[in-house]
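Me: I have a protein model open and want to learn how to read it. Can we go through it feature by feature?

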Amino acid sequence: MKKLTVLMLMFASVFFFACEDDSSDQLSKEEVKTELNNLGSDMSGYMEEMMNSDGIAAMDDLMALMALDDPFTDVKFTKSSVIPNIKKYLLPVNPEKNQKSAYEAEPFNFDLWVGTYDWDAAHNMWVPNFGNPSDKIILNFPTEGSATNNATITIHNYDEVMVTYYDDYYQTNIEDYYPTDILADLYINDVKIVEIDLNATWETTGDAVGDPSSFDISVYLVPFEFTGTFNHTATAASIDFAINYDGTSIFSAGVDATFANSDFDSPLTIGGYLQLLAVKIEATVDVNGIETIFEQLEAQTSPYTTIEELTNAINDEIDATVYVDGTKAADIEIQYNETAEEMITIVLVFEDGTTEPAEPYFEDFVTDIEDFFYFIDDIYVDW
């Protein structure tokens with residue numbers, strides 16, 4: 001029973017939300033296995049293209065110049081947070097606490113620094129024209145080895161809030177600056193290659209300090225486009241995220257959960273979807289129903305007399321399906337086999353009624369997703 005509980009918790013944490021009505025068509029077993037096995041190699045091409053995109057190269061060039069001279073500070077040995085935060089949220093990494101985003105002594109004052117800044121390569125410094133324009137910040141700088149300032153980043157709006165939290169490792173309070181509003185774009189030779197639009201609110205007190213209470217972001221990084229939203233109330237939370245390539249979805253995920261209390265430690269239902277290229281998993285999990293089944297077992301009041309009956313009861317609380325290009329590929333269920341080494345397994349149920357353990361395919365599936373985001377995070381390490 002403990003093993004079954006662990007498997008169910010893993011299932012609820014990996015497979016997400018809102019199943020659609022099944023299509024009358026269903027892929028064959030071999031077609032499904034081929035698609036699942038090809039995910040990793042297909043994603044590697046997108047990773048390489050993202051690494052070599054003009055937007056990433058330009059931001060790397062800008063960050064190198066900012067390391068030489070930060071124009072938005074008048075105190076020696078300090079750094080402003082505006083450019084690092086634009087860089088930090090440009091790609092779809094999950095912002096975490098304990099990642100220092102700023103070094104300034106107070107929140108960035110956007111109105112104070114409006115104007116145009118031209119990079120002077122001969123003296124390794126920015127030449128400012130304060131107040132021109134009076135409503136935005138413009139930085140002109142060289143990229144791709146250009147001898148002229150061929151790139152322009154325009155910050156139309158920027159605001160941030162200071163978040164103070166206790167660092168257990170250093171045993172001291174840490175002050176970080178988290179962006180609440182970013183609107184910026186980047187052009188190279190008059191061609192837009194980057195745009196970011198972010199609005200967020202952050203918890204500034206309590207155990208959740210530094211976590212977003214709401215988060216809405218849209219990023220254009222030619223030819224990629226990222227969108228993400230996060231919201232929570234006292235007893236519910238939802239998150240949606242997507243990456244498109246030339247208008248075609250290559251990754252998306254969404255979760256919608258309800259909870260018994262505001263501590264978010266007793267989920268009632270979890271629903272969601274997870275898509276990587278053509279493969280999409282959709283599921284709903286009645287966590288409260290599953291907990292009731294286990295509570296009955298512990299109290300010895302369970303109506304189920306065999307492990308098969310118990311397994312069927314748990315499967316009734318889960319609705320999970322794999323789709324490939326919108327066509328149903330397989331159902332996901334729990335299966336009990338007393339003669340197998342792993343008696344409780346999660347299986348794929350194919351069109352012909354045969355089953356295969358899901359773990360080998362989903363291990364690769366989850367690994368592909370992790371590799372994708374580790375790849376992004378490796379590019380955008382804090383400077």
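Me: How many aromatic pairs does a search of the whole structure find?

Reply: The model is a predicted one. Rings count as a pair if their centres lie within 6.5 Å. Here the search of the whole structure gives 12 aromatic pairs. Take Y89 and F215: their centres are 6.1 Å apart, with 40° between the planes, and the pair is tilted.

Me: Why does the pair of Y89 and F215 tie together parts apart in sequence?

Reply: Look at where each ring sits. Y89 is in the loop between α5 (82-88) and β1 (115-120), while F215 belongs to strand β7 (residues 212-221), so the pair ties together parts 126 residues apart in sequence. Both Y89 and F215 are buried.

Me: What are the ring centre distance and plane angle for F108 and Y158?

Reply: Planes over 60 degrees apart count as edge-to-face. The planes of F108 and Y158 stand at 85° and their centres are 5.6 Å apart, so this pair is edge-to-face. F108 lies in the loop between α5 and β1, and Y158 in strand β4 (residues 151-167), so parts 50 residues apart in sequence are tied together.

Me: Are F108 and Y158 buried or exposed?

Reply: Buried means under 20% relative accessible area. F108 has 8%, so F108 is buried. Y158 has 1%, so Y158 is buried as well. Ring pairs also link F108 and Y158 into a cluster with F72, W113, Y117 and F130.

Me: Which residue lies over the face of Y273?

Reply: Look for a charge above a ring. K280 lies over the face of Y273, 5.0 Å from the ring centre.

Me: Which residues does V219 touch?

Reply: Skip residues up to four places away in sequence. V219 then touches Y89, L90, E195, I196, F224, E225 and F226. V219 is in strand β7. Its relative accessibility is 1%, so V219 counts as buried. V219 and E195 are 24 residues apart in sequence, yet their C-alpha atoms are 5.6 Å apart in space.

Me: What is the phi of N189, and what is the phi of L277?

Reply: Neither N189 nor L277 is a glycine, yet phi is positive: about 50° for N189 and about 55° for L277. N189 lies in the loop between β5 (172-188) and β6 (191-202). L277 lies in the loop between β11 (267-276) and β12 (279-285).

Me: What is the mean pLDDT of the protein?

Reply: The mean pLDDT is 77, and 75% of the residues reach 70 or more. Over residues 1-24 the pLDDT is below 50. Residues 93-102 also have pLDDT below 50. Where pLDDT is low, predicted coordinates should not be read in detail.

Technical notes
Residues numbered from 1 in each chain as written. Predicted model: local features only at pLDDT ≥ 70, side-chain atom pairs only at ≥ 80, totals over all residues. Heavy atoms only, no water. pLDDT = per-residue confidence, 0-100. Contact = heavy atoms within 4.5 Å. Phe/Tyr/Trp six-rings, centres within 6.5 Å; stacked < 30°, edge-to-face > 60°. Helix = DSSP H or I, 4+ residues; strand = E, 2+ residues; numbered from the N terminus. Buried < 20%, exposed > 50% of the residue type's maximum accessible area, 1.4 Å probe, protein only. Lys NZ or Arg CZ within 6 Å of the ring centre and 35° of its normal.
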